[in-house]
Amino acid sequence: MIRIGVFLLLALSASPAWAAPGDAAVLKAQQAFAARKLANLEHAARAVPADHVLAPYVEYWRLMLASRTDDARIADFLARYPGSRMAEALRADWLKSLGAREAWPLYLAEYPRLARPDIALQCYAYRAESAQGNRSHPREAVTLWFTGRDMPSVCTPLFEQLIKAGLIREEDVWRRLRLALEAGNPSVARVVANALPEARRPAAALFDQASRDPARLLDAGKLDFSRRGDREIALYALDQLAKRSTAQAEQALRRLAPRLGEEQRTAWARLATWAARRHEASALPWFQQAGAMAANDFQREWWARAALRAADWQAVLRAIDSMGEATRAQPVWRYWRARALQAGGQRAAATPVFLELSREFHYYGQLAQEELGPVMQAPAVNNAKTSGDELAAVGRQPGIARALALKELGLRSDASQEWNWSIREFSDAQLLAAAELARRMEWYDQAINTAERTRELHDFELRFLAPYRELAQQAARENQIDEAWVFGLMRQESRFVNVARSSVGAAGLMQIMPATARWIAQRLGIKRFHPDEMQNPAKNIQFGAYYLKHVQTSLDGSPVLATAAYNAGPSRAQRWRDTRPMEAAVYIESIPFAETRDYVKKVMSNAIYYAERFGQPSVLLKERLGTVPPRKTPAILAADPDVPLEVERTGD
C-alpha cells in the first residue's frame, strides 16, 4: 500500500506526480476493458502487483467483461469490497444478469444491498417479489408507470401483469398517454395506447400526423371529438402547432373549443405556456382562461414568469400558490412569493421568508438578504479549516486513495465517480479535508464540488477557488471588466478544469467554441491560430475575457445580458429583452432555456462571492445585476457580422 503514502506526501507537499510500479499495466488493463478485449485485459492484469492501490479495479474490470453467470466469483468480490463504488457497479450489472435469468431468490437476496437501483432493476425487483408470492408493494410498482419517457423493456412484463390484475386501470393508461404526448414522445404514447381497448384507442397514424403537420390534421375534419383518443390527439396537435406559432394555434383552438369541452382549458394552459416562453403579452390572459386546475407545475412556473415580466404581482402570487407543495418550496418560488407579498403591502408576511432564505448560500439567499437590509443580517460564516491529521485520515480512506490514483493515471471519469461515491456519507469535517486534499492535488473541480456539500461547517475559500489569478487579473485589466465576474463565469464554465471540452466542442477554462476562437484570434491580429491553443490557460482566459467584453459592449453594457449571451448566444440574449426597462432579476427568471437561466444566476452569484474574497468594495447583487435596458430594435445582434452565431451552443 505504498501508493497511499505517496499520495499523502504529494498532497501535503505539492510534489510532482509519482509513477508507482504497475501503473503502466493498470493503464493497459483499462484500455483493454474499454475496448472490451478480455484476453488483453487478462494479459495486462498479470503485470499488476497484488498490493497496487488499483489492483481491485483491475479485478473489477475482469469481472465486468467475463461471464456474468459466475455467481460465486462475483459474490466473493462483493464480500471483499463492501460499500465500494466497484461493488455497487458490479452488483447492479450482476442483478441485471440475475433478472434476465429470472433467478429470483438470489436476486431478492442481493437487491437490498444495492444503494442506487435504476428503473430496470426496480422493475426486476417487483417482478421477483411477485414471482415469489410477495405482493406487498403493488402501489410502489404502479408509480413506475406514470412517466412520459420510454421505459426499459424489462418493465413491460411488470406493467402487463399490473394491468391484468386491474392495478393499472384504463384511466391510468390515458394519464400516461397524455404524459408521453406532453413530453413530446408520440412513439411512447402510441405504444401505451396499445393497453387500451381496441375500440377506444386512437389510430396509430394520427400520432405521426399530429407531429408532422398539426395544422392540416386539425383542419381536415378527420378527428372524431366524441372519442377520447381523438381529443387527446387534438390536444397534442394544438400543442405542436403552438410550438410553431401561437397565433395559428389560438385560431385553431377558438374554432375547436366547443368540441373539446372542459379539455379546452388544458389546451389554453399549453398555449399560454408557449406564449410565456416567447414573452408574448397574450400569455397572462390565456393562463387566466385556462385556470390553475388545468395547468401542471411546469406551466404554473411559466404563468409566474409571465406575471413577473408584466409586473402583475397579484398574478405572481396566484400562480405560485397554485403550485404543488414541492415546487412551491423551491428557493426560486419562495423568493418570488415573498417579493409578491411585499409588493402587495404584506411586509410582515414576507420578512420571515426572506430571513429563512438569507441563511442559504445561493443566488436567492443573496437576494433575500438584500431585501432584509443591513438591520437583519444573516449570521457571519467563518471559514472552517482542516487539520493535518484530518487530511491524512481522509487520504488513507481506500476509495479516496483509489480516486487519486485513477486521476494521476489520467482516468478522470473513473476518478470522479470513485471520489463522488467515496465522499457520499462524509461528515462536514471529512468533506472539508477531502476538498483541501483535492485542492492540493490541483483537482479543482472536485475540491469545489466537495466543499459545496457541507451542511454546517463551510470554507468559502475552497468553494470559490481562484487558480490562474494572475492570468485572469491581467485579462480583466486589459479588457476593463470585473475580475470577480470573470472568475464567476470561469468557475461555472469549467470548474477550472483546463482540459474540459463540452459535447459541442467548447474548450478550456472559459469553454470557447472553435469558430468563436478563430474570430477572436482574427480580431486580436493573431495569425496561424489553431483552436487547440484554447487548452493553453493564458490564451483561453485572454480570449474569453475579450469576448465577454465584446458582448457586454454590444448589449448596452449589461453584465446580465453579456452573461446570457456567453452561454446562449448574443441574438438570443437580445431577443429576450423587452421594449421597456426591466429589473434584471426578472429578465433572468424569464429566460426560456433552463440551462441558461441557471447559468446566469450562478455566474452572477459567484461574482459576489469572488468580489468579497478579492476584497473589492461591497456591491449588492441587485446592483451588480442592475436593470436590463429596453430593446431598441428587433434582433440587432443577429445580423452583426462581428458576432459568430456558432457561439449559440444552447439549443431550443
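Modeller: Here it is, and since this is a predicted model, I will begin with helix 25 and helix 28, which are roughly perpendicular to each other.

Colleague: At what angle do the axes of helix 25 and helix 28 cross?

Modeller: Angles of 65 to 115 degrees count as roughly perpendicular, and helix 25 (residues 388-395) and helix 28 (residues 428-440) are therefore placed in that class. Their axes come within 9 Å and cross at roughly 80°.

Colleague: Which residues of helix 25 make the contact with helix 28?

Modeller: The residues of this contact divide into six nonpolar, two polar and three charged. On the side of helix 28 the contact involves Ala429, Gln430, Ala433, Ala434, Glu436, Leu437 and Arg440, and on the side of helix 25 it is made by Glu390, Leu391, Val394 and Gly395.

Colleague: Turning to helix 19 and helix 20, are they roughly parallel or roughly antiparallel?

Modeller: The axes of helix 19 (297-309) and helix 20 (residues 313-321) come within 8 Å and cross at roughly 170°. Because angles over 145 degrees count as roughly antiparallel, that crossing makes the relation of helix 19 to helix 20 roughly antiparallel.

Colleague: How many charged residues does the contact of helix 19 with helix 20 have?

Modeller: Helix 19 brings Arg300, Trp303, Ala304, Ala307 and Leu308, while helix 20 brings Trp313, Ala315, Val316, Arg318, Ala319 and Ile320. By class these residues divide into nine nonpolar and no polar, and the number of charged ones is two.

Colleague: What is the handedness of the crossing of helix 11 and helix 12?

Modeller: Helix 11 (residues 170-182) and helix 12 (residues 186-193) pack at an angle of about 165°, with their axes 7 Å apart, and they are therefore roughly antiparallel to each other. Val173, Arg176, Leu177, Ala180 and Leu181 in helix 11 meet Pro186, Val188, Ala189, Val192 and Ala193 in helix 12, a contact with nine nonpolar residues, no polar ones and one charged residue. The crossing of the two helices is left-handed.

Colleague: Which helix gives the most to the lining of the largest cavity?

Modeller: The count comes to two cavities of 30 Å³ or more, and the largest cavity has a volume of about 50 Å³. Its lining consists of Leu235, Leu238, Asp239, Ala242, Ala249, Leu253, Ala267, Arg270 and Leu271, which by class are seven nonpolar, no polar and two charged residues. At least two lining residues come from each of helix 15, helix 16 (246-260) and helix 17, and the most, four residues, are given by helix 15.

Colleague: And which helix supplies the largest share of the lining of the second largest pocket?

Modeller: The second largest pocket holds about 1,000 Å³ of space, and of the 34 residues that line this pocket, the closest to its centre are Thr273, Trp274, Ala276, Arg277 and Arg278. Two or more lining residues are given by each of helix 11, helix 15 (228-244), helix 17 (264-277), helix 18 (283-290) and helix 19. By class, the lining has 15 nonpolar, six polar and 13 charged residues. The largest share, five residues, comes from helix 17.

Methods:
Residues are numbered from 1 along each chain as its sequence is written. This is a predicted model: local features need pLDDT of at least 70, side-chain atom pairs count only at pLDDT 80 or more; totals for chains, interfaces and linings use all residues. Side-chain values use heavy atoms; hydrogens and water are left out. Axes are lines fitted to C-alpha atoms, for helices over the stretch in contact, and angles run from 0 to 180 degrees between N-to-C directions. Angles under 35 degrees count as roughly parallel, over 145 as roughly antiparallel, 65 to 115 as roughly perpendicular and the rest as oblique. A crossing is left-handed if the near helix is turned anticlockwise from the far one by less than a right angle, and right-handed if clockwise. Contact means heavy atoms within 4.5 Å. Ala, Val, Leu, Ile, Met, Phe, Trp, Tyr, Cys and Pro count as nonpolar, Asp, Glu, Lys and Arg as charged, and the others, Gly among them, as polar. On a 1 Å grid over the protein atoms alone, a cavity is a set of points where a 1.4 Å probe fits but cannot get out, and a pocket is an open set with protein on both sides within 12 Å along at least five of seven lines; lining residues have an atom within 4 Å of a point. Grid points are joined across faces, edges and corners, and a volume is the space filled by probe spheres set on the points.
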